[in-house]
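Please open the structure in your viewer and keep the sequence panel beside it.

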Amino acid sequence: MDLWMLNVLKNITILPSCSTMTTRQSGMLLVVLVLSLPGLIHSFKPLFNSNSFTHREITRTAVLQKTAEVCRDIAASKGLDFNLIIDNNLSAGKVQRACSSMDTFTSFVSTIKFETAIASMYLSNAAVDAIFLLSAARHFDDETFQGGRDIITEGASVVKAHAKIENYFRGRLTLGQICHTLQDFYSHSNWVELGNKAPYSALIRPDQPLKNLAGQNTPTCRSCVGENCTNNILPDALTSGYFSIISSSKPTGKCSHGGFFDRTSRRDPVGGINKDTIDSSHGFRHNEAANLAIRATMELLEDVRLAAGDTNFMRLMGLSQSPVLCFVIDTTGSMSDDIDEAKRVSFEIIDRKRGTGQEPSGYILVPFNDPDYGPIVMTSNADVFKGQMNSLTAAGGGDIPEMALSGLQLALTAAPPFSEIFLFTDAPAKDAYLKNTIIALIESTKSEVTFMLTGSSAGRRRRRASQGVAPRVMSRSGAQLYQDLAEASGGQAIQVTKSELSLATSVIVDSSASAVVTVFQASRNPGRPDNFNFTVDGSLQNITAYITGDSPLTFSLTSSTGVSQTSSHSSGPLASVTTAGNLRRLSLNTDNETGLWQLSVSSNNPYLVKVTGQSSVNFIYNLVEEHEGAHGDFSVKEGRPLSGGNASILVTVTGSETVKVTEVTLFDNSGPTEVKGSLQSLGSSDFLVTFSGIPAGEFVLILKGEDSSSTSRSTSSSFQRQASTQIKTSSISVTAQANNTNIEPGTTISIPFTVAATTDGVITDSATETFTVRVSNDRSYTSTSPSSVTTVAGSGGQANGTVTLTAPSSAASGTDVTLTIEAENAAATDINYVVLRFSVTAKVTDVNRPVCQVVTTSTCDSTSLLCASSQWEFIANFTDGINGTGIESVTIRQGNGTLNMSTVVEAGGENITLVTYTASCCSPIVELTAVDSVGNVGICVGQARVLTTPASAVQTTSTGGYTLNISTILWLNVVFSVLLK
């Protein structure tokens with residue numbers, strides 16, 4: 001250990017009885033120390049850099065280009081035009097609009113789902129530098145080429161498994177992580193310096209050898225000349241730099257990564273070879289490395305595309321106009337009417353939007369009862385969802401409370417971020433102890449939850465359900481739990497009788513439309529008369545206001561021109577009003593009246609006001625935290641921001657490339673308290689917003705700006721949008737660090753965590769406090785954890801603990817599990833949390849791709865002018881080997897013919913898939929894609945033979961069996977190739 005590290009360590013408080021610390025505890029202390037040091041990122045910078053490519057830009061560019069290519073191919077297969085130049089200047093809006101032109105319904109083009117998907121990929125990419133900072137293989141440091149390749153290929157198998165079961169959100173997180181490792185190869189190795197102009201395809205092909213690797217004892221570098229490292233790499237062999245922040249030790253003659261924190265770069269040969277930025281040791285090759293990283297990422301995406309198919313790949317990329325339709329439904333005996341209404345409204349949405357750009361992007365159904373809940377149904381197939389809905393029956397239930405929050409937990413962990421979930425029940429929650437877990441998941445996913453409550457409450461008249469079972473009584477406290485969760489998420493708690501439910505479900509129809517935005521939302525609890533202002537901009541259409549609260553409640557609506565309408569008029573100049581239970585729905589007639597509107601509410605009961613509309617202009621946001629230092633950057637922050645501290649939020653504005661953001665504020669209407677953020681434009685409609693000294697409270701994020709493209713109503717271009725989910729602060733810091741995000745079935749993973757009290761965002765070193773710890777996972781996997789942790793004198797104000805999580809041996813590969821760790825103070829007045837997501841990943845032993853053997857092809861007459869009058873046939877066998885997982889699908893990638901398949905078993909036990917492709921001679925080329933059960937892809941290309949003299953099309957068939965011996969058909973002049981991609 002050198003002097004630099006000793007100087008760092010001498011400033012660390014030594015724990016009492018340190019000689020008794022276990023190896024694990026010492027390792028945890030080292031990890032905490034390492035992660036707290038500034039500027040330790042040693043890769044393409046994760047998110048932001050003014051003059052160099054970042055992982056964010058590389059990932060974003062690759063995703064946009066590959067998505068555009070898929071849309072172009074789909075358009076070509078349909079005979080449609082695709083007018084978009086695919087280059088490095090694409091935006092999500094350009095790609096979404098070009099792809100949406102293929103749909104039959106394009107009134108509103110919303111990029112919110114697409115931008116959210118892209119953000120989840122580049123944010124998980126950036127997180128690798130925080131989670132796996134010291135992993136050489138994750139960054140291709142220390143010549144760990146095999147280890148890095150294993151991470152990429154094993155991760156790609158996980159992505160394909162997630163896509164296969166339509167768990168796209170978890171697939172994106174894994175995809176982002178492996179993209180980081182793949183991209184780092186081009187910055188940290190000498191692939192570029194060796195003169196390569198194309199990606200190293202073997203990195204995503206586990207069945208291909210890694211060639212030309214430098215030997216363990218082979219010198220690879222000479223020392224740089226001062227700051228000049230132009231010629232420090234010795235030629236011919238593939239190498240990468242060694243990196244360590246602790247020791248300067250490295251093998252003799254080996255290259256170093258380079259940079260201030262790399263201790264090995266100070267040892268001969270001195271200097272480095274990384275190309276992370278233009279200022280790095282080999283920064284003069286930075287642009288070449290970044291461009292190759294983009295192409296390599298696109299190659300990886302193409303491999304995933306071939307395994308998943310175009311439709312599932314587009315869903316994985318998030319290219320969808322409409323949200324998922326997500327229902328959590330109580331199936332106890334009194335819920336028959338509610339189930340029937342849920343069926344009616346969902347089937348209406350499906351039937352009306354099927355085949356259009358507004359068709360829901362997916363369907364999620366979670367039934368719950370007592371004591372059971374689930375299983376969850378996730379599908380993109382509307383008919384499958386309909387079948388599952390039709391299978392629901394109302395029965396059982398026992399005592400009144402039901403497992404509502406357990407069902408909601410499943411939905412929150414399965415639905416994509418920014419989803420809206422609808423929960424139907426007439427009973428209180430039996431599992432109210434999950435309230436804080438549910439709030440943590442709501443805040444983490446930024447999802448809205450709306451409750452359809454038909455249970456009778458105090459003062460409400462009871463009515464028997466259609467099957468003669470009386471609806472259950474819901475106490476005020478039972479209803480209040482749902483109201484609290486609705487308010488935290490930005491949803492609504494709608495209380496109606498069963499006969500009124502069909503009026504209330506109009507909210508579901510409203511939310512299922514594309515491009516729905518929240519213009520304004522506020523609550524008053526306790527209730528009081530108040531005036532609420534909101535801005536109507538030129539891009540807004542189909543504006544709807546909701547007021548949810550018990551009577552007596554009155555309201556008045558005033559337009560920007562001074563016209564008013566009161567609640568005594570259900571139909572007037574400004575709105576049509578529908579009332580059902582505690583819900584008032586106002587369908588506004590804005591009549592081109594942009595500007596400031598006002599909704600005045602008079603009630604002493606708690607109530608909520610929400611204004612929504614349809615517009616392409618919206619925004620997404622993510623809390624991020626800064627790593628300070630000369631090479632610092634940002635990564636995603638889990639949990640709540642710290643009271644009194646600073647907070648940074650990454651904001652992406654969607655739907656317009658002419659937006660000017662003028663103000664972003666955190667607003668707490670209970671104060672009222674308003675904290676204005678400092679804006680920094682990052683380009684591509686991205687903004688970094690910094691807030692200083694956030695007080696304790698419950699805030700919403702409000703964005704205001706101007707859009708010069710907003711000309712549909714008037715010259716006014718001012719707009720206002722609001723995030724639905726509350727952002728709460730906490731004085732408790734909770735951090736957790738998992739060494740891996742994948743769990744093999746039948747194994748256990750350990751997750752160390754740290755809890756600390758803070759003051760003004762800084763850990764209170766002298767604090768002595770006990771925190772209650774609660775740990776939950778959505779799969780009910782076996783888990784262990786301490787019930788509490790305590791900070792003690794000399795601990796630096798921090799308390800450590802460990803959670804274990806065990807995946808059962810029966811867990812299917814591709815299953816995801818979400819773990820929530822909560823810490824609450826002794827007074828039970830403050831809480832914070834971390835949410836961690838893991839994938840169950842069975843070890844993949846089948847790394848070989850399907851093999852194609854051409855059996856026969858037939859001939860087309862080149863002199864015939866009527867190619868449509870003749871046909872040709874292509875027959876081939878696909879095999880996956882004796883130890884393979886088997887061919888799962890064969891599809892036509894190119895060609896306009898028909899495909900027939902059959903499977904037979906050879907005498908040796910190998911399965912053979914015989915494919916027969918028939919097409920007209922106008923389509924003389926075919927490209928077939930075969931995918932095995934773990935996502936390995938093989939491609940077979942065939943072309944009709946061409947006769948130069950008139951002849952009838954010849955069709956060669958085999959009547960004696962399913963295949964011909966290859967040695968007997970080599971005389972066939974076949975143009976074919978097998979591409980192992």
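**Before starting**

This is a predicted model, in which local features need pLDDT of at least 70 and side-chain atom pairs count only at pLDDT 80 or more, while totals for chains, interfaces and linings use all residues. Residues are numbered from 1 along each chain as its sequence is written, and side-chain values use heavy atoms, with hydrogens and water left out.

**Stop 1: the whole chain**

Display the protein chain as a cartoon; it has 16 helices and 45 strands. Helices (H or I, at least four residues) and strands (E, at least two) are DSSP runs, numbered from the N terminus. Of the 981 residues, 57% count as buried, where buried means under 20% relative accessible area, exposed over 50%, and partly exposed in between (1.4 Å probe, protein chains only).

**Stop 2: helix H4**

Select residues 92-100, which form helix H4. Is this helix mostly covered or mostly uncovered? It is mostly covered, as 7 of its 9 residues are buried. Among them are Ala 92, Val 95 and Cys 99.

**Stop 3: the largest nonpolar core**

Next, select Phe 114, Leu 175, Phe 185, Tyr 186, Tyr 200, Leu 203 and Met 317, the residues with the most contacts inside the largest nonpolar core, which has 67 residues. Such a core is a set of buried Ala, Val, Leu, Ile, Met, Phe, Trp, Tyr and Cys residues joined through side-chain atoms within 4.5 Å. The elements that give two or more residues to this core include H3, H4 and H5. Helix H8 gives the most, with 10 residues.

Centre the view on Phe 114. Leaving aside its neighbours within four places in sequence, Phe 114 is in contact (heavy atoms within 4.5 Å) with residues including Val 63, Ala 92, Val 95 and Met 317. A second, separate core of 35 residues includes Val 324, Leu 434, Val 449 and Ala 493.

**Stop 4: strand E19**

Go to Glu 663, in strand E19 (residues 659-668). Glu 663 is partly exposed, with a relative accessible area of 22%. Leaving aside neighbours within four places in sequence, its contacts include Glu 674, Lys 676 and Ile 702.

**Stop 5: a four-stranded sheet**

Finally, find the open sheet of 4 strands with the order E36-E38-E41-E40 and antiparallel pairing. Which strands stand at its edges? Strand E36 (851-857) and strand E40 (898-905) do; each has a single partner strand, so one side of each is left without a neighbour in the sheet. Two strands pair if DSSP finds at least two bridges between them.

Select E36 and E38, which are joined by 6 bridges and run antiparallel; here Thr 857 stands opposite Phe 874. Then select E38 (residues 871-879) and E41 (residues 911-920), an antiparallel pair with 9 bridges. In this pair, Ala 876 stands opposite Val 915. Return to E36 to finish: 5 of its 7 residues are buried, so E36 is largely enclosed by the rest of the structure.
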